[in-house]
Amino acid sequence: MGGWIPWIGKKLLRGTLLLLGVSVVTFTLMTCSPLDPVQANVGQAALGSMSGEQLDRLEAHWGKNTPPVQRYLSWLSDFVRGDMGISLRYRQPVRQVMGQRLANSLWLLAAAWVLSGLLGGALGVIAGACRGRLPDRLIRGICLALSSTPGFWLGLLLVLIFGVWLRVLPVGFSAPIGAESAGITLLQRLRHGILPAAALSLTGAADIALHTREKMADVMESYFIRFALARGASIPAAVLRHGLRNVALPGLTLQFACLGELLGGSVLVEQVFSYPGMGQAAVAAGLGSDLPLLMAITVVSAALVFGGNLTADVLCGLVDPRIRRGGILP
Amino acid sequence: MRVWNRRQAALVFFALASAVLLAVALCGPLLAGRAAETDFSRKNLPPCLAYPFGTDWLGRDMLARTLAGLSLSIRLGGLTAGVSALAALTLGTAAALWRRADCAVSWLIDLVMGIPHILLVMLIALAWGRGFAGVTAGVALSHWPVLARVIRGEILQLRQAPYFLAAEKLGVSWGQMMRNHLLPHMLPQFFVGLVLLFPHAILHEASITFLGFGLPPEQPAIGMILSESMGYLAAGRWWLALFPGGALVLVVLLFAGVGERLRRLLDPASIHE
């Protein structure tokens, strides 16, 4: 497999260029913004009591008068060396903020990612295998409705049902309010993660189920399934032995390609549940015009999305020899 | 009762759904006054006959507010989906017909799709200074990639089609080719793509407003209503969140249904089903 290294190298080069583009776009958009970071991050009272000289010093400190190109280049040279700057909003190094937030978010994202894949895949296979009949219609209807539902409203409904009416699960945050961070048990963390993870995975599962159903329905029409059925195999056996393998590949691609959707959804869901993750930090950074933090979040999420797509490509090649020989991969 | 065939059923659904959506879109401006009317003698009423969606903490009628919000969503969705579709048409056509543009457009598509959607809408909204202009720009400038890709693929496929190649060899002029071969093939696809952009546009508008980057609080937008309702959930005022959100989902589903029916009616492959 001598072709692997150049192929991966080319992909990585493309990815780096893409990330560079993402950072330039983010920086340009934020620089174009008419919102003033000084006003957004210094309270109104403090702003009123500051003298003009102090204000000038603060603006100079935050680089308001430095030309944008120079600011971008200095950001970039620091960023590649691992220094992401200092968040205006949290007044901490961005790396520290990102570390905490990403750690919180990763649990949520991983749980939702696995759950949505399993649930969506299973529902899609069942619906596809029973296409046209009652289970299919039921699953398709529910999934269509779910995929038209904004994630945050689903979150609100879950809070309403489980948090307010049944009172079985907490309504928000990643830990009990007022608890010391050392005293939080794993169980408490889990309980606080259930609703956000459910909200996030349900919307993701709907899309995956609808796609898998299409594939499964196609596979069920194929000659090899018809032959298996004619030979006397039962439908479940045919699905398990011949169907699953054929939907596994598109399913795998979809699963890795949906990372972007998942990250986007987590922004909304974390906001509903006040979950202290990366999505919530993104909203806070956006509302506070916190350029360093927002840049870091955008670049890191774009890197995650790119990583997901790359993994999907590689896995496809590994799993399916046809794609490898087809010349798309080495 | 007469049983309709699929095509007729699709047509009837299409007409009914369009009528409902149009009615909702039109009733917004008429209800604006009612939606903003506050009356402290009737605050926090749960749903009843006079106020089917209940009232909020300022005594505003939630039904009127929801309808006004939906109307705003639909009108905004129309505007943004239109702009997005035009951008997709231009870029997709350019990419398909011009090799050098193809690279640039492909890279641009990768770039736009590489950033999680909500983040991108948020960034663009920030660049336009939030508010109405921010949402419109954010949603309009971030929804074109999928349709642009479809259009590019279609045109590339079309250029290899025998009748197109034959016309080219016969020396038919570009303008005539466009008019006789390209447009009739692309227009239905374009319209279906346009309608199917609506639900996404509406959902993202609501999401971004919900996060606080969009429409100002005095506008009765669905995202705003839901974001305000969050503070009252724990007090048991479920109707503030349930009905407006449900109505939004219904509108999105109707749009998706209309798009799907339209596709089935226009697509030559399924038109005779």
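Visitor: In this predicted model, is the crossing of α6(B) and α8(B) left-handed or right-handed?
Guide: The two helices concerned are α6, residues 144-159 of chain B, and α8, residues 174-211 of chain B. Their crossing is right-handed.

Visitor: At what angle do α6(B) and α8(B) pack, and how are they oriented?
Guide: The axes of α6(B) and α8(B) lie 11 Å apart, and the angle is about 165 degrees. Angles over 145 degrees count as roughly antiparallel. Therefore α6(B) is, relative to α8(B), roughly antiparallel.

Visitor: Which residues of α8(B) does α6(B) meet, and how do the residues of this contact divide by class?
Guide: From α6(B) come Leu147(B), Val150(B), Ile151(B), Glu154(B) and Leu158(B). They meet Leu182(B), His185(B), Met186(B), Gln189(B), Gly193(B) and Leu197(B) in α8(B). By class, the contact of α6(B) with α8(B) has one charged, three polar and seven nonpolar residues.

Visitor: How many helices and strands does chain B have?
Guide: Along the sequence, the pattern of chain B reads α-α-α-α-α-α-α-α-α-α. The count is 10 helices and zero strands.

Visitor: What share of chain B is buried?
Guide: Chain B has 273 residues, and its C-alpha trace spans about 80 × 55 × 30 Å along its principal axes. A residue with 20 or more other C-beta atoms within 10 Å of its own is buried. In chain B the buried share is 46%.

Visitor: What does Val251(B) contact, leaving aside its neighbours within four places in sequence?
Guide: Val251(B) is one of the residues with the most contacts inside the largest nonpolar core. Its contacts, with those neighbours left aside, are Leu21(B), Val24(B), Leu70(B), Ser73(B), Ile74(B) and Ile202(B).

Visitor: Which element gives the most to the side of chain A that touches chain B?
Guide: The contact takes 38 residues from chain A and 34 residues from chain B. Elements giving two or more residues to the chain A side include α8 (151-165), α12 (259-273) and α14 (291-319) of chain A. The element that gives the most supplies eight residues, and it is α1(A).

Visitor: How do the residues on that side of chain A divide by class?
Guide: The side in question is the one that touches chain B. Its residues divide into 27 nonpolar, 11 polar and no charged.

Notes: Residues are numbered from 1 along each chain as its sequence is written. Chains are lettered from A and ligands numbered from 1 in the order in which they are written. This is a predicted model: local features need pLDDT of at least 70, side-chain atom pairs count only at pLDDT 80 or more; totals for chains, interfaces and linings use all residues. Axes are lines fitted to C-alpha atoms, for helices over the stretch in contact, and angles run from 0 to 180 degrees between N-to-C directions. Helices (H or I, at least four residues) and strands (E, at least two) are DSSP runs, numbered from the N terminus. Angles under 35 degrees count as roughly parallel, over 145 as roughly antiparallel, 65 to 115 as roughly perpendicular and the rest as oblique. A crossing is left-handed if the near helix is turned anticlockwise from the far one by less than a right angle, and right-handed if clockwise. Two residues are in contact if their C-beta atoms, placed from the backbone, lie within 7 Å. Ala, Val, Leu, Ile, Met, Phe, Trp, Tyr, Cys and Pro count as nonpolar, Asp, Glu, Lys and Arg as charged, and the others, Gly among them, as polar. A nonpolar core is a set of buried Ala, Val, Leu, Ile, Met, Phe, Trp, Tyr and Cys residues joined through C-beta atoms within 7 Å. A residue is buried if 20 or more other C-beta atoms lie within 10 Å of its own, exposed if 12 or fewer, and partly exposed in between; C-beta atoms are placed from the backbone.
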